[in-house]
Amino acid sequence: MVALRTLLTLTLLLAAGSANAAAECQLSEELLAEIRAYQPVVTRILHEIVDGRFAGETWKALAELTDEFGPRMTGSQQLEDAIDYAVRGMKQDGLENVHTEEASVPHWVRGYERAQLVEPMRKEIAVIGLGSSVGTRKGGIVAEVVVVESFEELESLPEEVVAGKIVVYAQPWQNYGVTGQYRSQGASAAAKKGAVASLIRSVTQFSIGSAHTGFQEYQDGVRKIPTACITVEDSELLLRKYRRGETLKIHLEMNDRNFKPFVSRNTIGELVGSEEKNTSVVVVSGHLDSWDVGVGAMDDGGGVMISWKALTFLKEMGLRPRRTIRAILFTGEEQGLWGGQRYYDDHKEGGEEEFSFFFEADIGTFNPRGFDFAGNEEASCIFQEVVKLMAPLNTTEFRQTSNAGPDVSFWNFAGYPGAALINDNDKYFWYHHSAGDSMLVEDPVSLDKCAAIWAAAAYVVADLSVPIPKVIVSN
């Protein structure tokens, strides 16, 4: 579990580095010439994956994963079977040092869930419980409703107005970071006011009656109340009726349960470096777990497959860089970065296994445009030159960011550079954590392009004569 304070510190630290990165780059002519000399091999990688013998293979592999195992919820047999499948598949692809490493993860199981407006009229309300939510008592609860549009509005209400009622949050969409706070913190904020449950407008800017789930975290010392998301349409309906002064009552029943922690596994496979073997490792990654609605094709099956298949395609092309490229398929990301945290805890001391760079794909694999980058000024200058090599696919956009992804953020905080995809994901949150996360949102050509620039960038970073420099972080 990553603490909010830690993430805030990370963001501030790397944001400071982002400002410095705007300075003019002054790389040596020798290094510039070395990077530019990779253009022929990069062009070959891009062509083979997008137009050549590997075209369509990443989409086929993703379809096979999602068709065979469906949703891969943390603690489920589907996820563990998918991990076994990935191990077998990596070995069949000829990857090296294929293995798993244990990570303890939460085990929350969704049960029967129903919400119904019973006064002043009867209407079924589409509802989806949030991860770690407690259930209601048997038969559910019937309570009046208070509808608010912000935490500030809730805080302004006297406790006697909220006590014993269901708080409905009808917060407007701003962005995932801001609006997502209602999903993660809404239950405890309502409980502090004496509410018996909370229902939250799904964290999306677009809806066709779709409810979106996600993780929520109870605050220590605050009573745990049932909490779930409802559709944008229903939250707006309840807000309008409440603003008119109507008395609203909802019958909510949730049979969701929390069990003791479950031992899952991170999945690892490698393309071992030709010179440095297991030292100065370059990581490419995504997370194999998903929510229990949809099939997790977008979040994060696409990221998993471009990371896995990047190594497979490079090996098939006979390309073995100086440094090892390691694919990590993390577990337990959706429930709070458990796999990423465990991997960092187990490997942060380094020893003979010194890391160099961390790629993570967890924000969609739609049509790619380039890379987000987290790191210091010198590292930024080097990676910008690497990104320019992607010109044959017109994917040379470069942007400084605070971290390269949730599971690798621990490494960014420790000073390691990293990168994530920039892609046309303006509709990402339309499908995020919902039944809409299916193979229909994954385009084969776009997925090939993502896999191609992922493989090419990882290869160059792993083969350069010099590693991408780290940030010096003082303890």
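**Close-up views of a predicted model**

**View 1. Lining of the largest cavity.** Ser290, Trp291, Val293, Gly296, Asp299, Glu334, His433, Ser434 and Asp437 line the largest cavity. The model is predicted: local features need pLDDT of at least 70 and side-chain atom pairs count only at pLDDT 80 or more, while totals for chains, interfaces and linings use all residues. Residues are numbered from 1 along each chain as its sequence is written, and side-chain values use heavy atoms, with hydrogens and water left out. A cavity is a set of points, on a 1 Å grid over the protein atoms alone, where a 1.4 Å probe fits but cannot get out; lining residues have an atom within 4 Å of a point. The largest cavity has a volume of about 40 Å³, the volume being the space filled by probe spheres set on the points, which are joined across faces, edges and corners. The count is 1 cavity of 30 Å³ or more. Its lining comprises 2 nonpolar, 4 polar and 3 charged residues (nonpolar: Ala, Val, Leu, Ile, Met, Phe, Trp, Tyr, Cys and Pro; charged: Asp, Glu, Lys and Arg; polar: the others, Gly among them).

**View 2. The disulfide between cysteine 25 and cysteine 381.** The structure holds 1 disulfide, defined as a pair of cysteine sulfur atoms within 2.5 Å. Cysteine 25 is joined to cysteine 381, S to S 2.1 Å. The pair links distant parts of the chain, 356 residues apart: cysteine 25 lies in the loop between α1 (4–20) and α2 (29–36), and cysteine 381 in helix α12 (residues 377–388). Helices are DSSP runs (H or I, at least four residues), as are strands (E, at least two), numbered from the N terminus. The torsion about the S-S bond is about -90 degrees, so the disulfide is left-handed. Cysteine 25 is partly exposed at 32% relative accessible area, whereas cysteine 381 is buried at 3% (buried, under 20%; exposed, over 50%; partly exposed, in between; 1.4 Å probe, protein chains only).

**View 3. Helix α12 and its cover.** Buried residues of α12 are Ala379, Ser380, Cys381, Ile382, Phe383, Glu385, Val386 and Val387. The elements covering them include α2, β13 (355–360), β14 (368–374), β15 (397–400), β16 (418–423) and α15 (444–463).

**View 4. Surroundings of glutamate 48.** Glutamate 48 is in helix α3 (residues 39–50) and is buried, with a relative accessible area of 15%. Leaving aside residues up to four places away in sequence, glutamate 48 touches Arg53, Phe54, Ala55 and Met317 (contact: heavy atoms within 4.5 Å).

How values were computed
1 Å grid on protein atoms, 1.4 Å probe; cavity = no way out; pocket = protein on both sides within 12 Å on 5 of 7 lines; lining within 4 Å.
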